[in-house]
Amino acid sequence: VPTSEMTSPMKYAFLFTAVALLAACGKKAETATEITTRIQAMEDSVFSSMTFDKRRAQALLDVYKAYAAAYPQDTLAPEYLFRAANVAKSMHDGEQSITIYDRVIKEYPSWRRLPDVFYLKAFTIDSELDRKGEAQTAYKEVISRYPDHPFAKDAKAMIENLQYTDEELIQRFQQMQGDSSAPATAVQ
């Protein structure tokens with residue numbers, strides 16, 4: 001979320017988080033470990049609640065991004081960016097999610113979870129942004145880059161479903177459920 005679009009409390013929360021993280025970065029080498037401990041506590045707070053707290057989620061997202069900026073060579077940097085993209089998606093901020101996925105793709109091209117990043121980017125374009133043509137292109141990229149990965153099969157199915165409205169997909173699913181629950185007749 002650009003700073004200009006943040007409410008005043010969000011601006012202060014972001015600034016406090018950024019200042020605290022940057023201040024921590026100036027300390028000793030074990031600071032990264034201390035920050036990961038703090039991130040774990042924030043994750044526990046955000047994900048243990050029965051209700052979604054957008055303010056806490058935004059603070060967590062900001063800390064993930066700040067960590068990756070402070071420690072770009074750390075093995076946790078792409079993981080935290082990946083988590084940040086997922087938090088952004090949970091907040092229905094598909095644009096920010098896509099931006100973060102693209103950052104992971106660009107900055108960490110050999111990261112082990114890159115197939116997940118490509119697939120979730122395509123899925124976010126499809127489900128959050130409802131850009132079917134762009135989603136189809138992104139799903140095709142998953143298939144071409146990772147043809148043997150399970151997400152390639154999922155991407156093919158998603159491409160097939162792009163032609164249908166949500167209502168049509170529900171009808172198709174219900175029809176498939178009805179067909180599979182029909183009793184099999186014995187052949188004499």
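Colleague: Which residues does Ser97 touch, not counting residues up to four places away in sequence?

Modeller: Contact means heavy atoms within 4.5 Å. By that test Ser97 touches Ala85, Ala88, Lys89 and Thr124. This is a predicted model: local features need pLDDT of at least 70 and side-chain atom pairs count only at pLDDT 80 or more, while totals for chains, interfaces and linings use all residues. Residues are numbered from 1 along each chain as its sequence is written, and side-chain values use heavy atoms, with hydrogens and water left out.

Colleague: Is Ser97 buried or exposed?

Modeller: Buried means under 20% relative accessible area, exposed over 50%, and partly exposed in between (1.4 Å probe, protein chains only). Ser97 counts as buried because its relative accessibility is 0%. In the protein chain, buried residues make up 36% of the 188 residues.

Colleague: Where does Ser97 lie, and what covers the buried residues of that helix, α5?

Modeller: Helices are DSSP runs of H or I with at least four residues, strands are E runs of at least two, and both are numbered from the N terminus. Ser97 lies in helix α5. The buried residues of α5 are Gly94, Gln96, Ser97, Ile98, Ile100, Tyr101, Val104 and Ile105, and their cover includes α3, α4 and α6. The chain as a whole has 9 helices and 0 strands.

Colleague: How many residues does the largest nonpolar core have?

Modeller: A nonpolar core is a set of buried Ala, Val, Leu, Ile, Met, Phe, Trp, Tyr and Cys residues joined through side-chain atoms within 4.5 Å. The largest one here has 46 residues, and Ile39, Tyr64, Tyr67, Val87, Leu114, Val117 and Tyr139 have the most contacts inside it. α4 gives the most to this core, with 8 residues. Val117, taken as an example, touches Phe82, Tyr101, Val104, Ile105 and Trp111, leaving out residues up to four places away in sequence.

Colleague: Which residues line the largest pocket?

Modeller: On a 1 Å grid over the protein atoms alone, a pocket is an open set of points where a 1.4 Å probe fits, with protein on both sides within 12 Å along at least five of seven lines; lining residues have an atom within 4 Å of a point. Asp126, Ser127, Asp130, Lys132, Met158, Asn161, Leu162, Tyr164, Asp166 and Leu169 line the largest pocket. Two or more of these lining residues come from each of α6 (114-127), α8 (150-161) and α9 (166-181).
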